[in-house]
Amino acid sequence: MSFDFAGARAGADLEAHFDVIQASALRVGIIGLIVSLAGALIPVTRDSFFPAYLTAFLFWTSISVASIGLCFLHQLVGGSWALPLRRPFEAAGAMIVLMALFFLPILVGVRLGYAFPWADAAVVQADPLVAHKTKFLNFPFFAARGVFYFAVWGLAAYLANAWSRQQDGRSDTAPSRRLKAVAGPALVVLFLSTSFAAFDWGMSRDPDWYSTIYGAMFIVGAILSTLAFATVFTIRNSAYEPIRSALTVGRLNDVGNLLLAFTMLWAYMSFSQFLITWLGNLPEEVIWYLRRIGGVWGVVALGLIAFGFFAPFLALLERQHKRDAGWVLPIASWILVMRAVDLAWLILPGYAKIGEGGTGFPWLGVLWYAAALAGIGGVWLSFFVRRLRTAPLIPLQDPRIVEALAHDHAHEHSGGAVL
């Protein structure tokens with residue numbers, strides 16, 4: 001099936017549906033941000049608020065950055081799997097500008113000494129290992145690196161969006177050729193910058209510990225979150241054209257395979273880090289796990305193994321499940337929930353401050369985490385939909401899409417619409 005310019009845009013029914021999503025998401029976002037603001041302003045709650053806000057910020061930022069990477073990845077590998085997902089990826093990638101604004105409260109938290117232990121003068125004074133790392137982990141350098149990451153990601157998001165949209169209105173393939181030419185180097189830059197951002201914003205919550213696989217593990221989790229989000233959004237709106245025609249059974253099967261592959265890759269990397277640490281059994285390495293396997297955090301860890309890996313893994317093994325939106329929608333939704341839980345497990349326990357037990361479960365932090373997830377996520381989703389509806393929902397004239405559609409047609413790969 002081919003799409004023309006008019007047929008690739010949202011119809012009146014989908015536009016009305018988008019209006020409802022935008023308004024509802026914005027209301028939820030404003031309420032969440034108001035609750036979050038209370039957590040930031042009340043002095044006694046700042047210790048639990050800023051790490052929770054950081055975790056929510058990482059969840060939505062990771063989806064934006066991974067969306068940019070998936071846009072460039074599709075330029076390299078092609079295929080029709082991205083037909084219903086490319087424009088959601090591009091719109092989600094453009095939200096990196098919004099996430100730069102949500103980064104400002106983290107800088108405030110660092111300045112006040114609540115977001116990271118290395119920013120706490122008492123910790124630096126008491127722990128020589130943390131003090132040794134302050135040449136790298138200090139406020140001016142931390143802020144400068146943050147500005148650099150957002151500048152790189154913002155440029156990449158601009159190129160992925162601008163050239164893709166230019167292609168919609170042109171018969172020649174110059175914009176697509178430019179995208180393909182920069183896709184490889186862009187993916188390398190995105191991988192390196194996201195790895196360093198994961199070290200800065202995630203791993204430095206435990207400044208007395210390090211892991212060389214942490215950045216790659218974070219990126220794989222981010223891609224899994226992004227695929228799950230895009231899948232949920234697309235299926236939830238697949239009753240409307242042109243998404244209905246774009247989301248065929250064959251493409252749903254492809255997306256299900258990707259969800260399965262990245263679920264296994266995330267589990268493989270997580271277990272690899274644990275196995276290497278367990279075999280080494282060094283005090284400076286096992287401390288990270290000791291903070292995350294005691295008390296309630298230990299229950300969360302077991303839950304991640306059972307429900308974050310085995311549940312979606314076993315459900316996606318069956319081919320028929322991956323070809324049925326009634327299965328893929330709850331599986332992708334569940335993966336998204338477990339990604340939020342996994343990030344909380346990675347970030348919230350953090351370094352035990354001097355004079356504190358450090359292994360207790362931050363019940364108040366969970367409340368702030370939920371509020372920040374809703375606050376940032378509501379605003380993010382509202383602007384995401386606003387950006388999405390400014391262009392055709394299907395990329396037009398893209399040679400990779402055209403070739404994939406011709407291949408699908410020749411081999412009867414599509415299998416018809418899922419709804």
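**Note on the predicted all-chain fold and selected residues**

1. The protein chain has 419 residues, for which a compact globule would have a radius of gyration near 22 Å; the chain has 22 Å, so the two agree. The model under review is a predicted one. Along the principal axes, the C-alpha trace spans about 65 × 40 × 40 Å.

2. As to secondary structure, the protein chain contains 18 helices and zero strands. Contacts between residues at least 6 apart in sequence were also examined: 84% of them join residues at least 24 apart.

3. Burial and surface may be taken together. Of the 419 residues, 57% count as buried.

4. Which residues have the most contacts inside the largest nonpolar core? They are Phe57, Trp153, Trp201, Trp380 and Phe384, in a core of 128 residues. Helix 2, which covers residues 46–77, gives the most to this core, with 17 residues. Apart from this core lies another, of seven residues, including Ile394, Leu396, Ile401 and Leu405.

5. Phe384 deserves a separate entry. Not counting residues up to four places away in sequence, Phe384 touches Pro88, Ala91, Ala92, Met95, Phe229 and Phe233. Phe384 is also one of the residues with the most contacts inside the largest nonpolar core.

6. Ile96 belongs to helix 4, which comprises residues 96–102. Is Ile96 buried or exposed? Its relative accessibility is 1%, and because the cut-off for burial is under 20%, Ile96 counts as buried. With neighbours within four places in sequence left aside, the contacts of Ile96 are Thr61, Ser64, Val65, Phe150, Trp153, Gly154 and Ala157. For the pair Ile96 and Trp153, the separation is 57 residues in sequence and 7.0 Å in space, C-alpha to C-alpha. Trp153 is itself among the residues with the most contacts inside the largest nonpolar core.

7. Leu85 is situated in a loop, the one between helix 2 and helix 3 (86–94). With a relative accessible area of 1%, Leu85 is buried. Its contacts, leaving aside neighbours within four places in sequence, are Ala230, Thr231, Thr234 and Val255. Leu85 and Leu70 are 15 residues apart in sequence, and their C-alpha atoms are 9.6 Å apart in space.

8. Where does the loop that holds Pro242 lie? It lies between helix 10 (214–236) and helix 11 (243–246). The peptide bond joining Glu241 and Pro242 is cis, with omega about 5°. A reader checking the backbone may wish to view this bond together with the residue in the next point.

9. Asn281 has a phi near 50°, a positive value in a residue other than glycine. Asn281 is placed in the loop between helix 12 (249–280) and helix 13 (283–290). The relative accessible area of Asn281 is 55%, and because exposed means over 50%, Asn281 is classed as exposed. Leu85, also a loop residue, is by contrast buried, with a relative accessible area of 1%.

Technical notes: Residues numbered from 1 in each chain as written. Predicted model: local features only at pLDDT ≥ 70, side-chain atom pairs only at ≥ 80, totals over all residues. Heavy atoms only, no water. Helix = DSSP H or I, 4+ residues; strand = E, 2+ residues; numbered from the N terminus. Rg over C-alpha atoms; globule rule 2.2 N^0.38 Å. Buried < 20%, exposed > 50% of the residue type's maximum accessible area, 1.4 Å probe, protein only. Contact = heavy atoms within 4.5 Å. Core = buried A, V, L, I, M, F, W, Y, C linked by side-chain atoms within 4.5 Å.
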